[in-house]
Amino acid sequence: MSSLNSPQTDAPDSAPVRRIWLVYDTECPACDYYCNLVRIRESVGELMLVDARENGPLMQEITARGLDIDQGMVLMVDEQMYYGADAIHALSLLGSDNGLFNRLNYLVFRSPKLARVLYPVLRSCRNLLLKLLRKTRINNLDQPGNDRF
């Protein structure tokens, strides 16, 4: 993940700007809360939140790569995509240390092993919450019979 710290420029005369895209289900209250609280260091770039329920070029690329957005968020840094536990781990490394939430996020998810252990537990809680809320799946991979949680 050493490439996470190299800036990218939009134009030769502009200051370094790196847009980092976080794609997640905005209809999940837990996901929405987390994604709106997480901050990245200003020196790293600007975090752009993307609603996975809106079909745009980024969602088309995620689908083309065979990533099931119902099973994990996606973080895109430059041309590199991080999925699920890898996404939350990468976010912790890019994260700001401002605020209790972001410090806790770093402490918990900076370890790739711990992120891989905790992410499926968090995803199961998310799926249960969405089932209780009677939300539909995004089903970006168009799997038959995969409409509901």
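Q: Leaving aside its neighbours within four places in sequence, which residues is Leu91 in contact with?
A: Contact means heavy atoms within 4.5 Å. In this predicted model, local features need pLDDT of at least 70, side-chain atom pairs count only at pLDDT 80 or more, and totals for chains, interfaces and linings use all residues. Residues are numbered from 1 along each chain as its sequence is written, and side-chain values use heavy atoms, without hydrogens and water. Leu91 touches Leu22, Tyr34, Val38, Ile40, Leu47, Met73, Leu75 and Asn105.

Q: How many residues has the largest nonpolar core?
A: A nonpolar core is a set of buried Ala, Val, Leu, Ile, Met, Phe, Trp, Tyr and Cys residues joined through side-chain atoms within 4.5 Å, where buried means under 20% relative accessible area with a 1.4 Å probe, protein chains only. Here the largest has 26 residues, and Leu91 is among those with the most contacts inside it. Helix H3 gives the most, 6 residues. A second, separate core of 12 residues includes Ile62 and Met81.

Q: In what order do the 4 strands of the sheet lie?
A: Strands of a sheet pair through backbone hydrogen bonds, either parallel or antiparallel. Helices (H or I, at least four residues) and strands (E, at least two) are DSSP runs, numbered from the N terminus, and two strands pair if DSSP finds at least two bridges between them. The order is E2-E1-E3-E4, in an open sheet with mixed pairing. Strands E2 (46–51) and E4 (80–83) are the edges. Strand E3 (residues 74–77) pairs with E4 in the antiparallel sense over 4 bridges; Met76 has Met81 in E4 as its bridge partner.

Terms used. Buried means under 20% relative accessible area, exposed over 50%, partly exposed in between (1.4 Å probe, protein chains only).
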